[in-house]
Each structure stands twice: as structure tokens, then as C-alpha cells.
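My plan is to look up a few spots, then step back to the whole chain.

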Amino acid sequence: MGIITYLCIYTCLITGTLCTQNCGKIDLLFVFDTSCFHRNEFKELKAMAMQIVNNIEIGDDKVRVGAMTFARRISVNFHLNRYSSWQSVSNAIRWIRPQFGPDYLHKAIRKVNRNMLRASSGDRPDARNIIIFVTNALTRSRSSLIINDVDSLKGNGETEIYVLCFGPKANYQILRYIASDPDSQYMLCDPSASFLQFVTQFKELLCPTGCGSCSECQNGGVCVAGECQCANGFRGDCCDTPLCGTCLECVNNGTCINNACACPWFVTGVCCETDERCPVM
């Protein structure tokens, strides 16, 4: 599964690292549209890609990275199963050379779907599938061809597709179709936006520090699929509420003392669940 970066950017270089933690199983696939770049601009584009992979834990059970460029022709630079460290991936990106001429976007999408995202190329069925396009979308491809190939690439909806567009003449209608929903998360289309803006935003999406609505899982809880699974003795969305012995809580005005419910005189039960007073007639 993969992440696509399809890009025409005219901004400053970025600094800093993206992730320093294990982000889980992710297949990153950079697909560079080089048709609209001068050489110095393409260097900046590669710097952003290298910044994204810096210090991400890369390996068979972690993140894999591949790269592809296209303009008039399509070139596979390296497949997802080629490199096993962020240093080797970063060095391989550094040596990518741009192509020039008109681009044919639908052919690039088709190549990704039919060649790059295959088990023989390192695609893993249990890895997170992310695609990022960065472009000005000045394509020679007909919209109908792009739509058909995007539908095939998105498949059953498990693929996340990001779109970055920095050119002033971008075809926003087709880019919105390419991007996953919602646009506020999966599209960054601003001629004045910087590489750093994207990397900062993408860092949290790729390696989230929180868990669902919680900034963290407390009291030894572990985040699994966006939800906190609490350690023994705690409950709540963020594992911030202690249990009382075997009780979720002490009811009927009971109080937890020394990990046991102390009940009012008229209440019995381990969790103070039985009110012994005579019912009002």
C-alpha cells in the first residue's frame, strides 16, 4: 500500500525532522510530476520528500518508501521493497533526475495502480495506504481518463490520497476528485504555502501523537485503532477514571475507599447497587 507525492512547488526549503517514532506499517510512494520544474525547483521538491522520510522507522514491519517520476514518460525510480533505512531512501531521492515535457497524469496513476502497488513491488496488504499528489495539474490527460484511473486506484476506500498544489493555474475540480475527503484534511492548495506548512501538517497525520479525542492514553493505557485500551483498574475514553475494585463506580452515593466501595447504611452490595430502604408507597 502506498503514499503518492505528485508535485509542482515553488517555495522555500524546509528544515527539521518529521517523525522520530514508529508510525506503524505504511507504504510511502512518491510520484513526482517533473514537467513543470526548473532544476533548482526540483531540488527543493526533493528536499521536502527527504524531510518527510528523515527519521521515520523504515523496515519490513514499519514504513516502506518508493518513488516514481513522470512527464512525457514514466520512470520508476525505486520500488517499495528496495531500501530498508531512511538514510538509503533519502540518498536515493537525492539522486532522482527530473524529466521534462507535457505530463500525462492518467498514465502515471495507472502505472501506480498496476505496477507500484503490487506485492512484487513491495506492497503489503496490511499496511496503511496513503497517496499524496503535489502538482499544478497542468495535464494533457482528459478528465474522464483521470477519473476512471483514480476510481480504480481508490478501490474500496481504504486508500488515503493527499493532494498538494502550489501552481496558480491548478485544475481544482479534478484535484478535488483525486483527493480523499474531507478536502480540509487531504488538500493543500495555496500558491503561497510553504513546504514547512505541509510537513508540519503531514507529520501529525502520519505519526499522530494523540489517540482519538484524547491527547494521550493515561495510566498505562495503550492506543489501538484510535481508541484507548485501559490498563487494569482504569476506565474512560482516556483511561483517566480509576475503577474501585471490581466496580466501574460506587453507585447510590457510595464512596471508594482503599479500592472498595463504602456504602451508606441503607445500601448494600459490592458496588452499593442495592438500596434496602422500603419503597415509598
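**Entry 1: a lysine in a helix**

Where is the place of Lys46? I looked it up in the model, which is a predicted one, and found Lys46 in helix 1, the run of residues 39–53.

Next I asked myself: is Lys46 buried or exposed? Its relative accessible area is 7%, and the cut-off for buried is under 20%, so Lys46 counts as buried. I then listed what Lys46 touches, skipping its neighbours within four places in sequence, and got Ile93, Arg94, Ile96 and Arg97.

**Entry 2: the rest of helix 1**

I wanted to know how many residues of helix 1 are buried. The count is 11 of the 15, so the helix is largely enclosed by the rest of the structure. Among the buried ones I noted Glu41, Phe42, Leu45 and Lys46 itself. The stretch from Ala47 through Met48, Ala49, Met50, Gln51 and Ile52 to Val53 is on the buried list too.

I also checked the length of helix 1. From first C-alpha to last, helix 1 reaches 21 Å, close to the 21 Å expected at 1.5 Å a residue.

In what order do the six strands of the open sheet run? I wrote down 3-2-1-4-5-6, with mixed pairing. The edges are strand 3 (74–78) and strand 6, each of which pairs on one side only. Direction ignored, neighbouring strands are turned by 15 degrees against each other on average.

Helix 1 does, touching strand 1 (26–33), strand 2 (63–70) and strand 5. The direction of helix 1 makes about 175 degrees with that of strand 1.

**Entry 3: strand 5**

I stayed with strand 5, residues 160–165, which is mostly covered: six of its six residues are buried. A reminder to myself: in a regular strand, side chains alternate between the two faces of the sheet. On one side of strand 5 I found Glu160, Tyr162 and Leu164, and on the other Ile161, Val163 and Cys165. Both of these faces are covered.

Which partners does strand 5 have? Strand 4 (residues 128–134) pairs with strand 5 in the parallel sense over five bridges. In that pairing I picked out Phe133, whose bridge partner in strand 5 is Val163. Strand 6 (residues 187–189) also runs parallel to strand 5, joined by three bridges. There, Leu164 stands opposite Leu188.

**Entry 4: an arginine in a loop**

I moved on to Arg124, which is found in the loop between helix 3 (105–116) and strand 4. Arg124 is buried as well, with a relative accessible area of 6%. What does the side chain of Arg124 reach at 3.0 Å? I found the backbone oxygen of Ile26 there.

I went through the loops for backbone angles to write down. Asp181 and Pro182 are joined by a cis peptide bond, with omega at about 5 degrees. Pro182 sits in the loop between helix 5 (172–178) and helix 6 (183–186).

Cys239 has a phi near 60 degrees, a positive value in a residue other than glycine. I placed Cys239 in the loop between strand 9 (234–235) and strand 10 (241–242). Its relative accessible area is 0%, so Cys239 is buried.

Asn259 isn't a glycine either, yet has a positive phi of about 65 degrees. I found Asn259 in the loop between strand 11 (255–257) and strand 12 (260–262).

**Entry 5: the whole chain**

Last, I stepped back. How many helices and strands does the chain come to? I noted seven helices and 14 strands. The chain has 281 residues, and 46% of them count as buried.

For contacts between residues at least 6 apart in sequence, I wrote down that 69% join residues at least 24 apart. The accessible surface of the chain comes to about 14100 Å², and 49% of that belongs to carbon and sulfur atoms.

Conventions: Residues numbered from 1 in each chain as written. Predicted model: local features only at pLDDT ≥ 70, side-chain atom pairs only at ≥ 80, totals over all residues. Heavy atoms only, no water. Helix = DSSP H or I, 4+ residues; strand = E, 2+ residues; numbered from the N terminus. Buried < 20%, exposed > 50% of the residue type's maximum accessible area, 1.4 Å probe, protein only. Contact = heavy atoms within 4.5 Å. Pairing = 2+ DSSP bridges. Polar contact = N/O pair within 3.5 Å; in protein donor to acceptor, adjacent residues only side chain to side chain. Expected span 1.5 Å × (residues − 1). Axes fitted to C-alpha atoms, helices over the stretch in contact; angles between N-to-C directions. Areas by Shrake-Rupley, 256 points an atom, 1.4 Å probe, with all protein chains shown as cover.
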